[in-house]
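Here's a quick briefing for anyone meeting this structure for the first time. Have a look at the model, then read on.

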Amino acid sequence: MRLKKITAVIATALIIPAVLFGCGEKGKGENNTSEGGQKYVAVISKGYQHEFWKTVEKGALKAGEENNVKVTFEGPDNETMVDKQIEMVENAITKKANVIMLAPLDNKALLPVVQKAEEKGIPVITFDSNLDSDIQKSFIATDNKAAGAVAAKETAKLIGDSGEVAIVAHNEGTSTAQERRDGFKEEIEKNHPNIKIVSIQYSDGDHAKALSKSTDIMTSNPNLKAIYATNEGAAIGVATAVKEKGKTDSIKVVGFDSSDQEIKFLEEGVITGFVVQNPYNMGYLGVKAATDILDGKTIEKRIDTGATYVDKNNMNNDDIQKLLYPLGKN
């Protein structure tokens, strides 16, 4: 009898710590904090292959540092990998992020996983491109339609408000490409009747695809006067094609975003100008909005991060240099 009592005591002594340990681990996962008690914001971009996204990351990390928030940053290998981006959002949900900050590759395909996040109590902020929904707490980006209209006005000036032009956009399912395309198209159709858009192609933001599409456009349209490219990858591909074809003097290239390669093309006169966003501001304001949500503050549904047209006339201005080199010159 005494032996049975001793065995029972030992068994109880072993069970209690195990139960407490198990409860402790469960609690740690449920309180949505990282080690050290920090809140956690998962930033998921469209990619990581362009300087644009690396600059967004810098701004996001800075805001996280200032607000004592853990920030992770990731994106697919290229801007066609919608399934991979959905998987990244799923992982952020599994890791119990406090807020997810997302630049959706497709404005419809990402909706179900965002709805899942919301059901789990994880608010979602979109940046750069938006969802076809109002489920997101805020959208932080350039006014892309207005920026597209600026590109159209500048293009019209460059070609004497007359002639044939083409558009090489990035991803057909992405709201940024749609809005930059439509802003350009609507401005031309409304206010420049002597300009004809002869082709609209999509490159997935890939240099090689944009080069190939641009070459085909130039071959099919010998009277072409200008090509408008809607992101960094498209702009570099278009500029490379125009340069390789020896058409620098006859075909104007108006791009979007900036990188060392785009700036070099601008200096060489291959690219005539481009619309520059403020990606550092996008990342910074996005994480700042996330921390405001966590603090119970009200945030604006739409936050415009601004856009500026850059050409040889203003590229050396101090304020423009800060936009062109947000990470500093190498």
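Helices α7 and α8 are oblique to each other, a label for angles that are not under 35 degrees (roughly parallel), not over 145 (roughly antiparallel) and not 65 to 115 (roughly perpendicular). Their packing angle is about 45 degrees, and the axes lie 7 Å apart. Keep in mind that this is a predicted model, where local features need pLDDT of at least 70 and side-chain atom pairs count only at pLDDT 80 or more, while totals for chains, interfaces and linings use all residues. Residues are numbered from 1 along each chain as its sequence is written, and side-chain values use heavy atoms, with hydrogens and water left out.

**Helix pair α7 and α8**

- Helix α7 covers residues 207–220 and helix α8 covers residues 232–244; helices here are DSSP runs of H or I with at least four residues, strands are E runs of at least two, and both are numbered from the N terminus.
- Axes are lines fitted to C-alpha atoms, for helices over the stretch in contact, and angles run from 0 to 180 degrees between N-to-C directions.
- On the α7 side, H207, A210, L211, S214, T215 and M218 make the contact, where contact means heavy atoms within 4.5 Å.
- Their partners in α8 include G233, A234, I236 and G237.
- Sorted by class, this contact of α7 with α8 holds eight nonpolar, six polar and one charged residues; Ala, Val, Leu, Ile, Met, Phe, Trp, Tyr, Cys and Pro count as nonpolar, Asp, Glu, Lys and Arg as charged, and the others, Gly among them, as polar.

**Helix pair α5 and α6**

- Helix α5 (residues 144–158) packs with helix α6 (residues 175–191) at about 45 degrees, and their axes are 7 Å apart.
- That angle makes α5 oblique to α6.
- α5 and α6 cross in a right-handed way.
- Among the residues in touch are N144, K145 and G148 from α5, which meet a set in α6 including T176, E179 and R180.

**The six-stranded open sheet**

- Six strands line up in the order β2-β1-β3-β4-β5-β11, with parallel pairing; two strands pair if DSSP finds at least two bridges between them.
- The edges belong to β2 (69–74) and β11 (302–304), each with a single partner strand, so one side of each has no neighbour in the sheet.
- From one strand to the next, the twist averages 20 degrees.
- Helix α2 (residues 51–66) packs on the sheet and touches β1 (39–44), β2 and β4 (124–127), and its direction makes about 170 degrees with that of β2.
- Three bridges link β5 (residues 139–141) with β11 in the parallel sense, and F139 sits opposite R302 in β11.

- Five bridges connect β6 (residues 163–169) and β8 in parallel, with A166 partnered by I227 in β8.
- β8 also pairs in parallel with β9 (residues 252–256) over three bridges, and there I227 has V253 as its bridge partner.
- β9 in turn runs parallel to β10, joined by three bridges, and G255 stands opposite F274 in β10.
- Five of the six residues of β8 (residues 224–229) are buried, so β8 is largely enclosed by the rest of the structure; buried means under 20% relative accessible area, exposed over 50% and partly exposed in between (1.4 Å probe, protein chains only).
- β10 (residues 273–277) has five of its five residues buried, so β10 is largely enclosed too.
- Both faces of β10 are covered, with G273, V275 and Q277 on one side and F274 and V276 on the other.

**Two loop residues with positive phi**

- N68, in the loop between α2 and β2, is not a glycine, yet its phi is positive at about 55 degrees.
- With 52% relative accessibility, N68 counts as exposed.
- K96, in the loop between α3 (82–94) and β3 (99–102), has a positive phi near 60 degrees.
- K96 is partly exposed, with a relative accessible area of 35%.

**The chain overall**

- The protein chain has 11 helices and 12 strands.
- Of its 330 residues, 49% count as buried.
- Of the chain's contacts between residues at least 6 apart in sequence, 73% join residues at least 24 apart.

Note on methods. Left-handed = near helix turned anticlockwise from the far one by under 90°.
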